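Subject: Structure handover

Hello,

Here is the structure we talked about. Please load it first, then read the notes below.

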Amino acid sequence: MSTGTPGLESVQWMAGGGPAADLVLSSRIRLARNLEEYPFPTLLSPEQGQAIVDLMEQVTERLSASGLGRFTLLRMADLSPLDRRVLVEQHLISPQHARNTATGAVILSEDRSISIMVNEEDHLRIQCLLGGLQLHKAWEIATRVDDVIESGVRYAFDEERGYLTTCPTNLGTGIRASVMVHLPGLVLAQQAGRLLSQLGKVGMVVRGLYGEGTEALGNVFQVSNQITLGPSEEELIENLIGFTRQLLDQERSARERLYRENEDGLKDRVMRAYGLLTNAWSMSSEEAIRLLSDMRLGIDLNILSHVRPEVFNELIVLTRPACLQKLAGRELDARERDLRRARLIRERIAAAIRKTTG
């Protein structure tokens, strides 16, 4: 079960699609769970950590036999530093987990819609990641995975406090529901800061593209629930869906207003981005994601109707440093990455146009 390396083309959410896919890139449900008979990961001995990974080998077999698809367990120590960074860039593990080569592991489904981090901040972080606004479906799948695991282990659970977790903010349901949204209209209209700063008042939190402590690259934000103790899982998910829909309405209004008030300026911005993306010979990571955001805005506004929108989801991951090097099959210096990034963007956009014009 410990064989295999991360793939680049098989991550479900990168294919796009799903409800509200023009603005919601992905929906994620993450469940924090700990095993009753072991101390929290911060207090685990190396032997105890390895014992949990060995136990998860058996869990992986049960998951594969459960009708949820084929699963593989990968130990962090068996993966190269590059492969671990690829998993981070694909949103399948956290940067913190990528560094845990002593006791860390991850269980992945074949299409990468399900990933289970072993010995991260908690013993288990069960994640289901789907394209578009599909929180209910992600919750249903994560619950099925949770049930299969719980059929063979005992979780740390308290009747009053719920699931016991390393961090008190995850106590209770142990659930984090999140959506990854693309909000260029609100950013260009200078409304994003004001709206997102009010999230704490409604029990939500906003983070950057790769979670806590990261920047909102390419006008992409992660919005998730902040409270896990008290409301039920269903209530938390419904609250996030309701807030997300309000946010999407405001984003669409901002786009319409920008187009109405400055159509020429907006078209010029989009076409300049498209021109650079399809012709540049060298491109940095930061420039690429900024221009890709402008191009995706143009696709959604039908300025670039001949380009498939899914190319944005694909390229904001594949143009990251580790994924570029994985595609190349070797380590690349900064100059080589910039050259390969520009070539990859040109090729992928050309392929996306061929699929559209067919």
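Which elements do the buried residues of α2 pack against? They pack against α3 (95–98), β3 (105–109), α10 (310–318) and α11. Keep in mind that this is a predicted model.

The overall picture

The protein chain has 12 helices and 10 strands. Its C-alpha atoms fill a box of roughly 65 × 45 × 35 Å along the principal axes. The radius of gyration is 21 Å, which agrees with the value near 21 Å for a compact globule of 358 residues. Buried residues account for 53% of the 358. Take the contacts between residues at least 6 apart in sequence: 71% of them join residues at least 24 apart.

Helix α2

Seven of the nine residues of α2 are buried, so the rest of the structure largely encloses this helix. The buried ones are Leu-82, Asp-83, Arg-84, Val-86, Leu-87, Val-88 and Glu-89. Charged residues are on that list, Asp-83, Arg-84 and Glu-89 among them. After α2 comes His-91, with a positive phi near 70 degrees.

α2 against α11

Helix α2 spans residues 81–89, and helix α11 spans residues 321–328. The two pack at an angle of about 125 degrees, and their axes are 8 Å apart. They are therefore oblique to each other. The crossing is left-handed. On the α2 side, the contact uses Leu-82, Asp-83, Arg-85, Val-86 and Glu-89. On the α11 side, it uses Pro-321, Ala-322, Cys-323, Gln-325 and Lys-326. By class, that contact has five nonpolar, one polar and four charged residues. Leu-82, Asp-83, Val-86 and Glu-89 of α2 are in this contact and are also buried.

α7 against α8

How are α7 and α8 oriented to each other? Helix α7 (residues 233–261) and helix α8 (residues 263–279) pack at about 110 degrees, with axes 5 Å apart. That angle makes α7 roughly perpendicular to α8. Leu-258, Tyr-259 and Glu-261 in α7 meet Glu-263, Leu-266 and Lys-267 in α8. This contact divides into three nonpolar, no polar and three charged residues.

Best wishes

Technical notes
Residues numbered from 1 in each chain as written. Predicted model: local features only at pLDDT ≥ 70, side-chain atom pairs only at ≥ 80, totals over all residues. Heavy atoms only, no water. Axes fitted to C-alpha atoms, helices over the stretch in contact; angles between N-to-C directions. Helix = DSSP H or I, 4+ residues; strand = E, 2+ residues; numbered from the N terminus. Parallel < 35°, antiparallel > 145°, perpendicular 65-115°, else oblique. Left-handed = near helix turned anticlockwise from the far one by under 90°. Contact = heavy atoms within 4.5 Å. Rg over C-alpha atoms; globule rule 2.2 N^0.38 Å. Buried < 20%, exposed > 50% of the residue type's maximum accessible area, 1.4 Å probe, protein only.
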